[in-house]
Amino acid sequence: TDPYPYAAFKRVLARTGFLLVPLSILYLKYFPSLGRVYNRWTWTSTNIGVSTDKNGLGALCLVFGLASVWRLLETGRDGEDRNHHVLLAHGAMLVMVTWLLLKADSSTSFACLVLGSIVLVLMRRPGTVRLLTANLIVSACAAAGVIALMFQNLYAYAVEGLGRNTTLTGRTDIWDDLFRMADRPLLGTGFESFWLGPRAEYLWNKYYFHPNQAHNGYIETYLNLGWAGVALLVIVIIWGYRNILGSDRGSAGSLCFALFLVALIYNLTEAAFKVMHPLWIAFLFAAAAWPALEERASA
């Protein structure tokens, strides 16, 4: 709806990121009562910044970190007088994002930021070459998933390299319990209704950290909405992929593809296909059908 959609796209990401990321650092360093929470079982602190938990902080850093990498790669498209300022501003943003990710200890977000940055570099090509690159990247990710299932040793090596154990910090144990408790496979328990009542009480009594999500977006969708919800999610994914590759989004198309891809991967270990999660908003923003962008102004 904006007369200059390309400029609006950059402004939304830049202005939001330049507010939330520095504010998170401010909370962590000078207002720890706001930027940290304490585990009541281990009495250790967890850094959350402006978010409500460490994974939320990681998701914010992932979205705005990718936006900064994209802007750094696209500075050559702006005027010479502005390149210097863009490099300085987004270079500083990327440093802050990296520091926050290390403080939050969010391995999923950090790995997705690295992967998304690689995708942005590979997608810096026009026309049919970019489409071919996107299809090759998706095929490579799918092949990696199949290899991980077939060769468990490689999977274990990759997971341990991210500082996690092969149970993904207890996630696989929770998934086993959740599948046993899912008694409505077709339509699920209802929107955001699984983690209520006796089910939540049982899981909270079993796990000291009191889980309130499946730590997998696809399983979470299945629990709440059943196979019908999973089918609708698959339709959104296919339609979104078609929109990204088929519409004329200019250089913004590479960022949309990166956000789209990392959202799908992120949901393998975190439930982000829900409510107001920042990565869910970014995913829908990337997958939506846009009008052709006019790359006239920059933010």
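# Cavities, a bent helix and salt bridges

Three cavities of 30 Å³ or more are present in the structure. The model is predicted: local features need pLDDT of at least 70, side-chain atom pairs count only at pLDDT 80 or more, and totals for chains, interfaces and linings use all residues. Residues are numbered from 1 along each chain as its sequence is written, and side-chain values use heavy atoms, with hydrogens and water left out. Helices (H or I, at least four residues) are DSSP runs numbered from the N terminus.

**Cavities and pockets**

- On a 1 Å grid over the protein atoms alone, a cavity is a set of points where a 1.4 Å probe fits but cannot get out, while a pocket is an open set with protein on both sides within 12 Å along at least five of seven lines; lining residues have an atom within 4 Å of a point.
- Grid points are joined across faces, edges and corners, and a volume is the space filled by probe spheres set on the points.
- The largest cavity has a volume of about 70 Å³, and its lining includes Lys10, Phe18, Trp70, Arg71, His90 and Met93.
- Two or more residues of that lining come from each of helix 1 (5–30), helix 3 (54–73) and helix 4 (80–104).
- The second largest pocket holds about 270 Å³ of space; of its 14 lining residues, Thr16, Val63, Phe64, Pro278 and Ile281 are the closest to its centre.
- At least two lining residues of the second largest pocket are supplied by each of helix 1, helix 3 and helix 12, and helix 1 gives the most, with five residues.
- Phe64 is among the residues lining the largest cavity, and Phe64 is also one of those closest to the centre of the second largest pocket.

**Helix 10**

- Helix 10 has 30 residues, yet its end C-alpha atoms are only 26 Å apart, short of the 44 Å that a straight helix would reach at 1.5 Å a residue (the expected span is 1.5 Å times one less than the number of residues).
- At Leu225, helix 10 bends by about 130°, the bend being the angle between axes fitted to the seven residues ending there and the seven starting there.
- At the start of helix 10, the backbone nitrogen of Tyr218 has a side-chain oxygen of Asn216 within 2.9 Å.

**Salt bridges**

- A salt bridge is a side-chain nitrogen of Lys or Arg within 4 Å of a carboxyl oxygen of Asp or Glu; the count is three.
- Accessibility is given as relative accessible area, with buried meaning under 20%, exposed over 50% and partly exposed in between (1.4 Å probe, protein chains only).
- Asp177 pairs with Arg180, the closest N and O atoms being 2.3 Å apart; both lie in helix 8 (residues 171–181), three residues apart, about one turn of the helix.
- Asp177 is buried at 3%, whereas Arg180 is exposed at 61%.
- Asp177 also forms a salt bridge with Lys206 (2.8 Å, N to O). Lys206 lies in helix 9 (residues 197–206) and Asp177 in helix 8, so this pair ties together parts that are 29 residues apart in sequence.
- Lys206 is partly exposed, at 43%, and a network of salt bridges links Asp177, Arg180 and Lys206.
- Glu220 and Lys274 form a salt bridge, with 3.7 Å between the closest N and O atoms. Glu220 is in helix 10 (residues 217–246) and Lys274 in the loop between helix 11 (252–266) and helix 12 (278–287), so the pair ties together parts that are 54 residues apart in sequence.
- Lys274 is buried at 17%, and Glu220 is buried at 3%.

Terms used
Polar contact = N/O pair within 3.5 Å; in protein donor to acceptor, adjacent residues only side chain to side chain.
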